[in-house]
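Subject: Structure for you to look at

Hello,

Here is the structure I said I would pass on. Please open it next to this email; my notes on its charged side chains follow.

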Amino acid sequence: MKLWVLRHGEAEPRANSDAQRRLTAHGREQVLRSAATLLGQELQVILASPYVRAQQTAALVHEALGFIKPVQTVPWLTPDSDPQEVISELEKLDLQQVLLVSHQPLVSCLVGMLEQGHRQGPPMSTASLAALEGEWPLAGLMTLRSLTHA
């Protein structure tokens, strides 16, 4: 399995709620730089948090890649989601090439859990993209192939 974990681009510091924060112009540029890394990859699905900045990030990647299938919004990719729940949901999908678009602290915790078996993962700034590979999306059984920062 190849799994890409993308943190949303830079977002406005304030909105009516955290979930409503939108990408800044700089954030959109960051996302497009990260999307370029995904060109040529054979993604099967793009899964995104329901938060506005993640939805905007996923839409930009979707457009930049010319991805045909619609972005799927899932409730288990919010900032405070449990990485174990994400891993469980990924297992159910039984797919080989997946892009997740989410937030801190989830993205770092998830990468740490998949690579090392614990929640202490690498720092991921806005629009950072982690690429992991492994037979199964299980704690400690995936290899971090790259981590790029936009």
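Asp-18 is partly exposed, because its relative accessibility is 37%, which falls between the 20% and 50% cut-offs. Please keep in mind that this is a predicted model.

Asp-18 takes part in a salt bridge with Arg-21, with 3.0 Å from N to O. Arg-21 has a relative accessibility of 19% and counts as buried, because the limit for buried is under 20%.

The side chain of Asp-18 also meets that of Arg-53 in a salt bridge, at 3.2 Å from N to O. This pair links distant parts of the chain, 35 residues apart. Arg-53 sits in helix H2 (residues 52-65), while Asp-18 is in the loop between strand E1 (2-7) and helix H1 (25-37). Arg-53 is buried, with a relative accessible area of 3%.

Another salt bridge pairs Arg-145 with Glu-133, and their closest N and O atoms are 3.8 Å apart. Arg-145 is exposed, with a relative accessible area of 53%, whereas Glu-133 is partly exposed at 29% relative accessibility.

In total, the structure holds five salt bridges, including the ones between Asp-18 and Arg-21, Arg-53 and Asp-18, and Arg-145 and Glu-133.

Best wishes

Conventions. Residues are numbered from 1 along each chain as its sequence is written. This is a predicted model: local features need pLDDT of at least 70, side-chain atom pairs count only at pLDDT 80 or more; totals for chains, interfaces and linings use all residues. Side-chain values use heavy atoms; hydrogens and water are left out. A salt bridge is a side-chain nitrogen of Lys or Arg within 4 Å of a carboxyl oxygen of Asp or Glu. Buried means under 20% relative accessible area, exposed over 50%, partly exposed in between (1.4 Å probe, protein chains only). Helices (H or I, at least four residues) and strands (E, at least two) are DSSP runs, numbered from the N terminus.
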